[in-house]
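This report describes selected features of one protein model. Please look at the sequence and structure first.

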Amino acid sequence: MKSRFVSNLLLTFVWVALTGDFGFQNYLFGFILNFFILWVITRGNSDARYFTLLPKLIAFFFYFLWELFKANLQVAYEVITPNFRMKPGIVKVPLTVQSDLGITFLANMISLTPGTLSLDVSNDKKVLYVHSMYITNREEFIEGIKNGFEKRILEILR
Amino acid sequence: MSTLILRTASNYLLPVLLVFSIFILLRGHYLPGGGFVGGLIAAIAFVLHAFANGLDDTKNLLRFHPGFLMPVGLALAFFSGMSPIFVDQAFMTGLWFPEPFPVIGNVGSALFFDIGVYLVVIGVTLTIIFTISESA
Amino acid sequence: MEVLLAIIIGILYAAGIYMMLRRSLVKLIIGIILLGNGANLLIFLLGRITEGAPPIIPGESKVFLEAYADPVPQALILTAIVISFGLQSFAIILVKRAHKVVKTDDLDEMNATDEDS
Amino acid sequence: MSSVIIVILVTLGTLFVLLSAIGLVRMPDTYMRISVNTKAATLGVGLILVGTAVFFNDLSTTSRSLVIILFVFLTAPVSAHLIGRASYFMGVKLWKGSIMDDLRGKYQKNSYILKSEIDDTPENNVDHSKMNDK
Amino acid sequence: MTQQLILYPLLLQLLLAILLMFFWKRIGAQRIISMLGSIVHLGVSIGVFAYIWNNGTQTIQAGGWEAPFGITFIADTFAITMVLLTSIAGLAVSIFSSGSVISDRLRFGYFPIFHFLLLGLTGAFLTGDIFNLYVWFEIIIISSFVLITIGGEKAQLEGAVKYFTLNFLASIIFLTAIAVLYGLTGSLNMADLANKVAAVENRALVEITAILFLIGFGIKSAVFPLYFWLPASYHTPPSAVSAIFGGLLTKVGVYALIRVFTLIFVGDVFLDQILLVLAIFTLFSGAVGALVQNNIRKVFSYLIICHIGYMIIGLGMFTEVAIAGAIFYLVHDILVKTNLFMISGLIYRIKGSNSMRALGGFYANYPKLSLLMFIPLFSLVGIPPLSGFWPKISLITASFDTGSYWSLAAIIFASFITLVVIAKLWAEVFWKDAQEIPVRPKFRYYHKIKNIKRIQIIVPIVFLSLVTLYVGFGAEHIQTLATRISSELMDNQQYIDAVLNTQISE
Amino acid sequence: MLTAILLGFLFALFLVFTGKFFRGKLAILSALIPAGLFVYFASFIPQISSGEIISKTYQWVPAFGVDLSFKLDGLSLLFSLMITGIGFLVFAYTASYLRGHKYLDRFYGYLSLFMAAMLGLVLSDNLISLFVFWELTSISSFFLIGFNNTNPASRKSALTALGITGFGGFSLLAGALLLGSITGTYSISEMLSMKEAIAGSEYYILAVVFIFVAAFTKSAQFPFHFWLPGAMKAPTPVSTYLHSATMVKAGIYLLMRFTPVLGDQEFWNTTLIIVGGITMVYSAIHTLFRTDLKGVLAYSTISALGILVFLIGLGSKDAFMAASVFIIVHALYKATLFLVTGIIDHQTGTRDVTKLAGLRKIMMPVAIAGILAAISSAGIPPTIGFLGKELTYEASMHAETLTIVIVIAIVLTKILLLWAGFVAGIKPFTGKLPEPYKDVKAPDFLMWGPAIILAVLGLLFGIFPMIIESALVKPVVSALGADASEYHLALWHGFNTVLLLSAITIVVGILLYFFVKPSANLENRIGKLEFISPKSILEKGTHYFNVFSAFWTNVFQNGYLRNYVTTIVLFLVVLVSYIMFGSSRVVIDHTQLSQVTAYELVVALILIAGVFYTVFTKSRLAAVAAMGVVGLAICLIFVFYSAPDLAMTQFSIDTLTVILFVLVLYRLPKYLTLSDYKMRVRDGVLSAALGTVVCLLALQVLAEPTNSELGDFYAKNAYIMAHGKNVVNVILVDFRGIDTFMEISVLAIAAIGVFGLLKLRLKSTDRSQ
Amino acid sequence: MTLTDYLYYIILPVLAFSVLLIVYRFIKGPSIADKIIALDVLITTGIGIIGVYSIIHGRSTFLDTAMILALIAFLSTVAFSYYLEKRNRKK
Ligand code: NA
Ligand code: NA
């Protein structure tokens with residue numbers, strides 16, 4: 001019940017942002033509208049920790065931007081220089097995050113940073129297979145992910 | 001497709017897309033959009049859900065056959081077109097509430113007509129895609 | 001740009017018909033789609049094109065203050081696009097069924113209805 | 001002032017898009033092409049759209065730009081994942097310079113169940129060493 | 001509310017189609033709704049027809065937007081006559097469908113689509129806007145696609161692929177023509193177009209546009225050399241479907257041709273020559289095609305093509321008499337062709353075959369039915385004073401008046417071959433001894449079906465035969481009508497004034 | 001008078017519902033109808049012979065200038081009396097001849113229909129209504145000839161007869177309408193006064209040709225004659241009725257009716273003389289080679305018709321006189337002979353004249369009738385036949401040109417006809433009765449009565465020609481436009497050349513009868529020449545026409561969709577480029593066109609690349625993806641040129657199409673290249689031609705001035721009147737809302753169609769229901 | 001040089017050039033996955049072009065189209081992947 005209410009509020013914000021009208025009536029309309037939508041689609045197992053989320057999300061966002069920028073430069077260099085200096089391969093990264101949302105979040109973040117690509121999650125959700133262009137050392141690579149994105153995601157989702 | 005990533009993503013995308021579709025529907029009279037594109041987006045939301053979660057899941061979600069939306073939408077459009085006849089105006093003449101509504105703006109028979117379009121488009125698209133998926 | 005568009009339209013018509021003249025069912029559908037696109041673009045072009053001025057009354061004003069593109073062809077094309085979509089989706093399914101029932105993708109083998117006199 | 005910001009944002013964005021295009025042409029295998037691209041382009045477009053938001057500097061445009069960015073960032077990695085995965089079980093080979101392939105032998109053929117460990121039914125699993133690059 | 005009068009036939013069909021969709025799986029209810037609805041529709045059409053007859057051409061601006069800005073609906077005598085014929089044929093086929101179309105097909109939307117088809121026809125007849133006409137045409141063809149494939153049998157699908165492709169091509173050409181027309185004039189309202197096209201200086205472009213319309217509509221009306229889809233497909237769906245197709249579908253193409261070539265592209269000798277040549281070849285090809293067929297539905301299919309030639313030839317000669325002949329023929333042909341395909345369905349129900357070789361013995365075994373079938377068959381031939389005879393008076397007279405001897409020859413040739421073909425059909429199917437046809441174990445033969453079904457099959461045939469007899473023996477009325485239509489068509493200013501000079505009704 | 005005509009129709013209709021009732025003994029009652037009508041028409045004799053003309057007009061279709069106007073003058077009275085009189089006898093005869101027949105009611109139905117149609121034909125004064133009845137005689141004779149419809153030969157004969165007479169019918173229609181065009185009326189009476197105008201018209205010959213074709217086909221003139229022998233497949237009462245007095249005489253009637261309108265012109269007279277002459281001689285010779293009694297009669301009938309045509313062609317007063325008498329003569333003796341033949345056939349089961357002899361022993365009254373008829377046919381006094389022959393010779397001797405040839409031809413014909421009459425009317429009764437026919441029963445009165453009556457009438461009129469003179473013959477002649485007042489019919493005209501010719505005819509004819517016997521041998525001999533007869537030429541022609549028809553049909557309807565598309569596109573390209581390049585105005589105005597920018601060029605390039613890739617790729621999926629590229633490029637073009645709504649819609653639709661494709665694609669087979677190189681090049685050229693034409697067309701239209709009235713109106717009123725700012729959307733939901741409404745209906749219909757296509761599986765038992 | 005000129009004469013051509021490169025990859029393949037990626041990137045680039053174009057013409061309306069592109073492009077990638085998986089499974 002609570003989670004649905006939270007989703008409802010969140011979507012109301014999405015609505016208000018979309019329409020760009022911050023009047024009270026628009027909130028009300030957005031709320032009713034989203035109530036209706038949630039009623040249509042709900043199957044009842046959404047998570048509900050939205051409120052503690054926001055500051056962590058913002059911090060994560062900037063971390064992500066930094067990673068994104070850094071990696072992009074690296075790839076850019078690779079692309080415009082004539083020789084290839086890559087050591088690509090597919091690495092099996094064991095997962096600590098267990099929730100679907102967490103795994104998806106992590107996988108997407110890895111994919112969004114250039115040079116790495118989440119290929120798939122094993123059906124038992126134990127490992128994530130990641131393709132990377134720069135694998136100097138398998139363990140180092142895995143550590144980088146576990147201490148970077150995964151740690152933060154775990155914090156957010158806790 | 002049994003991929004966890006897509007499934008999770010689509011579950012979160014579904015409500016967002018639906019909200020977005022209504023947004024597109026309602027603003028159509030003022031900015032690009034309208035019932036048709038809105039309806040397509042709503043339908044695409046469900047199709048995405050079906051791709052990720054399987055058709056049965058999506059059908060359970062919907063609770064009724066999407067084809068039912070077609071006559072409903074057509075009826076809505078029909079009555080919004082017919083309404084002026086009852087006040088002795090030409091078929092499809094726009095009737096408008098005197099004051100604009102908040103958020104939506106001016107409300108008139110054209111809006112109901114557009115909602116009819118929206119419903120029909122959802123019904124049509126889902127009927128076609130669901131039918132194909134089932135018989136594939 | 002008009003000349004270029006006219007050429008593009010010509011190419012779309014040509015490609016559409018060329019594909020319709022193939023013997024494969026799938027190509028037939030592709031031809032239909034290309035031809036539909038060609039016709040839509042033709043309406044667009046012949047309704048005269050205007051750059052960067054969508055026919056949407058801006059902001060708070062009640063009428064256009066500057067130039068705007070002719071909205072009529074756009075409305076016509078919208079209708080035509082949607083109608084073609086209906087036809088195309090039906091055609092795709094028709095082809096699927098025809099392939100399954102007649103058991104061939106070769107249009108040349110679909111001539112029984114013309115032969116049994 | 002704002003036009004300087006716009007120029008910077010748009011130029012950077014365009015450069016990233018260009019880079020991704022070059023990458024798409026230059027990268028030697030499908031996985032790396034996916035890897036490079038989905039994001040370089042995403043970032044580039046994101047920057048351009050921020051520039052747009054700055055240019056119009058009104059709420060409704062900004063929110064629309066943000067929504068686009070949100071959508072792009074939400075969907076691009078999922079797309080990348082889907083194509084990458086599909087490439088793998090279609091048998092698209094890794095570049096010859098690749099140094100490891102932890103996925104080898106872990107997709108079960110036909111069902112595409114992905115295992116975390118190699119089990120004792122290798123004959124049921126996708127194995128690139130047996131496939132052609134087509 | 002009376003100002004909306006001419007829209008009622010249209011709105012009623014729309015309402016029926018939507019209503020029927022709500023009764024998706026309840027085919028019993030659908031049957032009743034369709035039949036009752038069609039009866040009401042006929043009543044309404046007669047009412048509107050009477051109104052137009054007494055008060056002259058009526059127009060409505062949809063949405064209240066003055067012409068040429070909104071979509072105009074206009075009911076002149078021609079349009080309303082076509083609407084009336086649609087509702088007559090529609091009623092007959094609706095009843096016939098109840099009796100003859102198997103319930104599986106009914107369970108998948110047969111009736112809603114059927115009424116959508118009638119809606120499309122009604123709309124196409126009433127609209128005064130060229131793009132809107134395109135839209136109605138699309139309603140018609142998509143409905144016809146669905147009806148022609150419903151049930152999905154092998155022959156149906158094969159025929160449908162061709163039917164679809166060529167009709168789609170026609171739509172594209174139609175759309176291309178609209179694009180050019182809009183590019184030239186910036187208008188869509190047909191009355192307005194009449195004025196504006198007349199003012200275009202580059203006549204070559206106008207001719208090309210006219211040719212595009214000619215080909216677009218020509219495909220739909222199955223004119224030589226554009227008719228291929230028709231013999232490939234018309235014999236494949238259930239006969240109720242063929243009936244409404246055979247009666248009305250090609251005729252809406254003819255209607256559009258007549259409308260466009262009497263209103264917008266007027267007075268171009270080259271175009272009239274083209275029309276005449278096409279018509280002559282159509283008469284010829286249809287006739288020789290019918291001559292060599294064995295399946296009676298295919299015979300009728302080719303005769304449709306053949307007889308389209310009469311209408312086109314009337315248009316090509318472009319005199320008041322000629323067009324009156326074309327109109328009279330149109331009236332006759334809609335009734336008769338619809339009936340003939342229903343009859344082919346009845347024959348099929350009785351014997352399980354439509355092959356002339358396999359059939360036989362009808363006259364001995366079903367004398368009363370044979371007599372009933374005699375009426376449309378020999379009306380088609382134009383045995384005087386049955387209905388097909390009268391329009392030929394006008395057409396032949398016009399061919400003398402215009403000195404068009406090839407037309408004369410083609411008309412007589414086609415009439416003669418029709419006579420031969422129908423007489424041959426009569427000899428084979430009715431006179432010849434009954435042949436041994438293997439009995440199909442589960443086939444629902446006529447003698448096995450319930451009485452109510454038999455009535456539903458026979459009544460529409462009787463109904464249309466009676467109407468046909470009326471057309472023949474009451475030729476005076478029909479000719480008066482045809483002459484009035486013809487004179488309205490020849491004077492396009494009257495149409496233009498009706499559309500452009502009406503004040504918006506408040 | 002209308003009632004008189006309608007009576008037959010009403011009775012036929014009545015029989016449809018009460019048929020069973022009339023199959024029994026009551027059949028004879030139906031003969032009361034012609035009998036009553038005969039009396040009715042006979043009652044007009046005094047008036048008509050006094051020169052009166054009775055007309056009556058009923059409105060029918062004034063819009064066409066068509067009314068039911070009837071005119072009873074000498075000509076129509078004669079025919080009416082024959083129709084009803086012989087009709088009465090045939091009706092009675094049938095009651096016995098077809099006693100107990102399963103479909104007797106139908107037979108009477110057709111017969112009365114036919115009789116009514118004939119009456120209508122001869123009484124109509126309106127040319128169109130005349131045509132209407134004319135066609136009705138064709139169609140009812142179709143049913144009569146095909147009465148034994150389970151017999152293939154019968155069906156074939158009926159079809160041939162209908163084909164030939166139907167063809168003539170259309171010719172009559174054309175002629176009627178042409179005359180209508182020339183004179184401005186369909187009334188024959190009114191045309192009479194416009195004789196000169198018609199003759200002076202440039203269409204005179206054409207009109208005459210139309211009328212001739214009609215008359216010749218109906219009256220079985222060479223080369224259209226062959227349907228008549230075929231029509232002998234009909235039951236004998238039918239043959240009697242059709243060929244003695246009615247159907248075939250309709251053509252003669254037509255010629256006579258039109259003599260005062262179209263006659264007295266060289267073309268008219270010469271043609272008739274030639275055609276009639278050839279016909280009479282040709283078929284008279286043919287009688288020699290028949291063994292079937294009805295065959296003999298058929299050819300002699302054709303020959304007699306030839307004589308009539310010939311006489312009309314002579315165009316003199318004498319000839320008209322001869323013709324009118326000969327009509328009566330022929331009706332009487334030919335009807336008798338047919339009836340007699342029918343009786344023989346009915347009782348003995350054969351009509352083979354080589355097998356028949358001595359039947360007088362069994363059926364004396366029949367023999368009397370037969371012999372009387374044969375004598376009348378031979379023109380032996382004192383029968384009316386003699387009178388007819390005398391008049392005929394008289395008329396031919398007064399022919400203006402080629403008199404000798406004409407006289408020889410007519411005498412030859414008469415000799416042969418004498419032979420034919422004897423073979424039919426005398427031979428079966430003379431000589432020794434063959435063994436097989438010993439037990440043959442005598443016919444009942446209903447059968448021989450009519451024959452005797454007719455035969456005796458022939459004798460009676462011969463002895464007392466004045467009975468028919470003023471009542472029938474003279475009014476006919478005056479109806480033909482000649483003054484007959486000083487003529488008198490008489491058996492004896494004194495010794496003159498005519499009498500000599502008569503004598504020669506009779507003597508030679510009788511000698512011929514004794515020396516030439518009909519035999520199968522002779523019949524076979526003529527059979528060898530059959531291949532050059534008009535009949536087999538026509539049959540061959542029909543055959544080749546059928547072959548041609550099948551060829552023509554299959555050339556166009558060849559089953560290959562691509563050929564259909566090719567034809568249509570080719571047709572379009574040829575016509576459009578003919579106009580485009582035929583006119584001097586191929587103008588492309590560059591000044592009004594905007595420049596191309598780099599990004600536009602690139603978008604255009606990728607669009608073109610996408611299209612080409614779609615067309616030439618070998619992979620279906622790649623083609624679908626390439627269409628995605630095309631879609632995106634089009635979407636960008638829409639964006640660049642101010643159509644955001646379009647761009648959105650285009651893109652969403654493209655995506656949906658891709659999804660649809662992808663969902664069905666893996667069920668479809670791989671792309672195969674099925675066509676060969678040559679075909680691809682051919683198709684490529686055609687497609688390129690279409691593309692070029694469309695492209696040039698677009699450029700030409702762009703050079704024309706524009707008119708933005710419509711868009712301006714929408715733009716002005718979008719917000720103020722329709723409360724919307726997105727003008728495109730306002731158009732869609734308001735200005736042109738109906739379009740949109742129908743567009744979503746199209747979608748709904750398509751969805752239903754897809755649903756049905758994929759979900760509906762007919763049980764095998766329901767297939768083809 | 002104004003902002004508009006800069007965008008018009010420098011940025012748009014560069015983006016257009018990128019488009020050409022991407023199309024080159026699309027045509028070259030070699031695997032179908034490459035084509036799908038190329039299409040995906042092409043659409044993303046299209047969004048960028050629309051963004052720039054809306055600045056040039058000062059009409060934010062075009063962003064609406066970009067919005068739809070961003071949303072819906074995803075679905076065709078999903079569909080293609082779905083197809084590839086189904087097709088492979090069928091083999
Ligand atoms: Na059609
Ligand atoms: Na016809």
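UniProt, in an unreviewed entry, places the feature "transmembrane region" at residues 6–21, 28–49 and 75–95 of chain C; its positions are given in the numbering used here, feature names are shortened, and annotations may be inferred rather than shown by experiment. The model is predicted: local features need pLDDT of at least 70, side-chain atom pairs count only at pLDDT 80 or more, and totals for chains, interfaces and linings use all residues. Residues are numbered from 1 along each chain as its sequence is written, chains are lettered from A and ligands numbered from 1 in the order in which they are written, and side-chain values use heavy atoms, with hydrogens and water left out.

Two of these spans are described below; helices (H or I, at least four residues) and strands (E, at least two) are DSSP runs, numbered from the N terminus.

| Span | Helix | Strand | Distance between end C-alpha atoms |
|---|---|---|---|
| Residues 6–21 of chain C | 94% helix | 0% strand | 23 Å |
| Residues 28–49 of chain C | 86% helix | 0% strand | 31 Å |

His307(E) lies in helix α13 (residues 296–317) and Lys337(E) in helix α14 (residues 320–351), 30 residues apart. Both His307(E) and Lys337(E) are buried (under 20% relative accessible area; exposed is over 50%, partly exposed in between, with a 1.4 Å probe and protein chains only).

In chain F, Leu511(F) is in helix α22 (residues 497–515). Leu511(F) counts as partly exposed because its relative accessibility is 45%.
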